[in-house]
Amino acid sequence: PVVESANAYINNKQILNIDVKQRKPLFRVYNSSNQNFYVDYDGVKFFPKKNTSIKVPIVTGNISEKKVNNDTIQTAILNQVLNFCKYTQKVDEWKDSFGQININDANEIELIPRIGNSTILLGNTDVIEEKMNKLKVFYTEVLDKIGWERYRVINIMYKDQIICLK
């Protein structure tokens, strides 16, 4: 399941060559049925190898999607998580910023950053770049000055505003 593709051939010197391309996990899902699986960049689900762990964000919460080996993700919320994780991998300042992504009961995305004790309410991935730019400005202009432990919840779901709870 961790192999995306394999190609075996014999060259003109009669030497066997095998090219293997492994799946690169983007995040790991723990669903509501207590199952877990990785999802790669193409949205393909695959099982983790026993006794191994890869450093990728963990997705938890209200997730009904079941694991079926080498099947692509089906639910809209996991497709949004896929889009979010692809976005963060392209932007250096967000690449390793989030250790956990939670789907709350309202099917909204909550981000748990690796630094600080706050939860970031993203909502959905509509206008993701705008939301993340707003969060970046908030981090540099506010939290760097007043402290990273000041707020418990940072809500960036709404246009042109950030709502914080102490």
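Which residues have the most contacts inside the largest nonpolar core? Here are my notes, point by point.

1. **The model.** This is a predicted model: local features need pLDDT of at least 70, side-chain atom pairs count only at pLDDT 80 or more, and totals for chains, interfaces and linings use all residues. Residues are numbered from 1 along each chain as its sequence is written, and side-chain values use heavy atoms, with hydrogens and water left out.

2. **Overall layout.** You'll find 2 helices and 11 strands in the chain (DSSP runs numbered from the N terminus: H or I of at least four residues for helices, E of at least two for strands). From the N terminus on, the order is β-β-β-β-β-β-α-β-β-β-α-β-β. The C-alpha atoms fill a box of roughly 65 × 35 × 30 Å along the principal axes. Of the 166 residues, 39% count as buried (under 20% relative accessible area, with a 1.4 Å probe and protein chains only).

3. **The core.** Back to the opening question: Phe27, Val59, Phe84, Met132, Leu135 and Ile154 have the most contacts inside the largest nonpolar core, which has 33 residues. Such a core is a set of buried Ala, Val, Leu, Ile, Met, Phe, Trp, Tyr and Cys residues joined through side-chain atoms within 4.5 Å. Among the elements that each supply at least two residues are strand E3 (25–30), helix H1 (76–90) and helix H2 (128–146). H1 gives the most, with 7 residues.

4. **Val59.** Leaving aside neighbours within four places in sequence, Val59 is in contact (heavy atoms within 4.5 Å) with Phe27, Arg28, Val29, Tyr30, Leu78, Val81, Ile101 and Ile103.

5. **Cys85.** This one sits in helix H1. Cys85 counts as buried because its relative accessibility is 2%. With neighbours within four places in sequence set aside, Cys85 is in contact with Leu26, Phe27 and Ile101.

6. **Aromatic pairs.** A search of the whole structure finds 5 of them. Rings of Phe, Tyr and Trp (its six-membered ring) pair if their centres lie within 6.5 Å; planes under 30 degrees apart count as stacked, over 60 as edge-to-face and the rest as tilted. Trp94 and Phe98 are stacked, because their ring centres are 5.8 Å apart and their planes at 20 degrees. Both Trp94 and Phe98 are buried. Phe138 and Tyr151, at 6.2 Å and 40 degrees, are therefore tilted. Phe138 lies in H2 and Tyr151 in the loop between H2 and strand E10 (153–155), so this pair ties together parts 13 residues apart in sequence. Ring pairs also link Phe84, Trp94, Phe98 and Tyr139 into a cluster.

Note on methods. Buried means under 20% relative accessible area, exposed over 50%, partly exposed in between (1.4 Å probe, protein chains only).
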